[in-house]
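Take a walk through this structure, one feature at a time. Keep the sequence and the 3D view side by side.

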Amino acid sequence: MVENRPWANFFAHTVLIIGVALVIFPVYIALVASTQAPGDLLRGTMPLLPGSHGIENYKLMWQSGVSTANSPPAAKMLWNSFVMAMAITVGKLSISLLSAFAIVYFRFRFRMFFFWLIFVTLMLPVEVRIIPTFQVVADLKMLNSFAGLSIPLIASATATFLFRQFFMTIPEEMLEAARVDGAGPLKFFKDILLPLSVTNIAALFVIMFIYGWNQYLWPLLITTDPNYTTIVMGIQRMTAEENPQWHLVMAAVVMAALPPVLVILFMQRLFVKGLTETEK
Amino acid sequence: MQTKRMTFPGKWLPFALLAPQVIITLIFFIWPAGQALYQSLLREDAFGLRTTFVGLENFARLFRDGAYLNSLSVTVVFAVGTTLLSMTVALLMASTVNRMIRSRSTYTTLLVWPYAIAPALAGVLWWFIFNPSIGIVPYMLEMVGYRWNHRNSGSDAMLLVILAAAWKQISYNFLFFLAGLQSIPQSLIEAASIDGASPFKRFWTIVFPLLSPTTFFLMVVNVVYAMFDTFGIIHTTTQGGPAQSTNILVYKVYADGFVGLNLGSSAAQSVILMVIVVVLTVIQFRFIERRVNY
């Protein structure tokens, strides 16, 4: 900072601490609620300090879930979310890498056409074409399956653009050298392009994993079989009950939020890179 | 569009490489979008036995329909409220964090994680906090004499969904504002400071104008977020109620189509939403092209 004014620093820290406290508040409340005994939350006043029933609540939720809400144990739902998020992430990354490679390193008819076709997907979020997309998935007999959960969501214009931008910055000499050495396109892709893209892939991986994990509307519509319930949609089922068991709901909320939050905290640098670059 | 000077020869390989992306795009994006366009021109009778071509009648009906116009204005209030709230808080946080040297990364870490929370979970969290019978905030509001009840009061419900939506978006805006602030040359600020400009004056006359590209970009992104990514928040909290007061457009498409089974109207609403996304995307991209030259 330009000048050093102690009161200004003090003021700035105060603002930030209040801000951070407000941002953390809802999650703190969830943590506190998830450690209470079954009846404690219904007594009118919400306790502000953690209770002593945390372990048993989490264990109950993890192993058996809330059976009246027809929701499977959290362990099962977390696994479903993980499979779905991984399928979406790996799918998005692979098809985007391949199409960016084709667009940058080949000259073929209708190249621009395909480029725009992919671009259009940016403008068609699943929320706006929900009913016809549901019909397509139903016609393809993909309801209640991991394929139905993930494949319709894996087209990715942003990832394709990002990889295209990145490939454009790779020096021409790389390609020349590879061709002189007699490398074909697939060998070039596998041995040169992929290793050079590792950081970009990792950064996008963080963003896409979170995107996949947090899907809500789509799994809600296309899965009715509890075997495919993801944790985010499972929580909604639990809250929609007559008298939600808040201590268990909040334990589930914490378990649902933890994996993506940990991904961000451990990969913060990659996360920021992925975020700022995909939006450009 | 640019390509490399040198490329690989190959007639079929590029098509094979593009095939997975293109097939998925055609089956799950283009075809359903086309279907929505087509269905928006049809009307189905009450038993689903007969469909008739009605042209633009579905659209005309929508704009005569009080519920739709209400949903439109609810969406505007929601999007503007969410955008303003999350951007103001994020800018305040980013400009204070930007002053810090040693503690900058700690504060950043403490502020970025809500990005990872699903909108549906954000909805559940805030709904719980504001629950009229057991929530902590209504309890506190009671002490200052306000009876919070988002089950009856439309404005309470709107405030609840705006808070949940803005809370989740603060981290995103914060990161972009912080990046924007860090790209402002320190020398400009030093010069102004030597001329005797106070911190607030420096902010309004130098920092804020230089930040305007970031601000504009974030405005578009936030409006898109509020309009399209907040389905989960609405669905887990108010479900559009009470009395339609939080029934935003994206939620109404779902409710009219899946719950009400009014396919023609729902399809027409989808088409209107698509037009809105196209417009917002074009603005975003034109602007981003400008920013590259900036």
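A:Lys141 counts as exposed, because its relative accessibility is 71% and the cut-off for exposed is over 50%. Bear in mind that this is a predicted model. A:Lys141 sits in the loop between helix H5 (130–139) and helix H6 (146–150) of chain A. Its backbone stands out too. A:Lys141 has a positive phi of about 60°, although it is not a glycine. Most residues other than glycine have a negative phi.

B:Gln244 is not a glycine, and its phi is positive, near 65°. Is B:Gln244 buried, exposed or partly exposed? Its relative accessible area is 36%, so B:Gln244 is partly exposed. Look for B:Gln244 in the loop between H11 and H12 of chain B.

Stay in that loop. B:Pro242 also lies between helix H11 (231–236) and helix H12 (249–259) of chain B. The peptide bond that leads from B:Gly241 to B:Pro242 is cis. Its omega is near -10°. Most peptide bonds are trans.

Now step back to chain B as a whole. It has 13 helices and two strands. Along the principal axes, its C-alpha atoms fill a box of roughly 75 × 75 × 30 Å. Chain B has 294 residues, and 54% of them count as buried. Contacts in chain B also reach along the sequence. Among those between residues at least 6 apart, 66% join residues at least 24 apart.

Next, pick out two helices. Helix H2 (residues 57–64) and helix H3 (residues 66–99) of chain B have axes that come within 5 Å. The axes cross at roughly 70°. H2(B) and H3(B) are therefore roughly perpendicular to each other. Which residues of H2(B) and H3(B) make the contact? H2(B) brings B:Leu62, B:Phe63 and B:Arg64. H3(B) brings B:Gly66, B:Tyr68, B:Leu69 and B:Leu72. By class, the contact of H2(B) with H3(B) has five nonpolar residues, one polar and one charged.

Turn to the aromatic rings. Over all chains, the whole structure holds 43 aromatic pairs. One of them joins B:Phe130 and B:Trp148. A pair of aromatic rings is described by the distance of the centres and the angle of the planes. Here the rings are 4.6 Å apart, centre to centre, with 40° between the planes, and the pair is tilted. B:Phe130 lies in the loop between helix H5 (119–129) and helix H6 (136–143) of chain B, and B:Trp148 in the loop between H6 and helix H7 (154–182) of chain B, so the pair ties together parts that are 18 residues apart in sequence. Both rings belong to buried residues. B:Phe130 counts as buried at 5% relative accessibility, and B:Trp148 counts as buried at 7%.

Aromatic residues also gather in a cluster. A:Phe101, A:Tyr105, A:Phe106, A:Phe163, A:Phe166, A:Phe167, A:Phe188 and A:Phe189 form it together with B:Phe8.

Finally, look for charges over rings. A:Arg129 lies over the face of B:Phe29, at 4.0 Å from the ring centre. B:Lys168 lies over the face of B:Tyr115, where the distance from the ring centre is 5.4 Å.

Definitions and conventions: Residues numbered from 1 in each chain as written. Chains lettered and ligands numbered in written order. Predicted model: local features only at pLDDT ≥ 70, side-chain atom pairs only at ≥ 80, totals over all residues. Heavy atoms only, no water. Phe/Tyr/Trp six-rings, centres within 6.5 Å; stacked < 30°, edge-to-face > 60°. Helix = DSSP H or I, 4+ residues; strand = E, 2+ residues; numbered from the N terminus. Buried < 20%, exposed > 50% of the residue type's maximum accessible area, 1.4 Å probe, protein only. Lys NZ or Arg CZ within 6 Å of the ring centre and 35° of its normal. Axes fitted to C-alpha atoms, helices over the stretch in contact; angles between N-to-C directions. Parallel < 35°, antiparallel > 145°, perpendicular 65-115°, else oblique. Contact = heavy atoms within 4.5 Å. Nonpolar A, V, L, I, M, F, W, Y, C, P; charged D, E, K, R; others polar.
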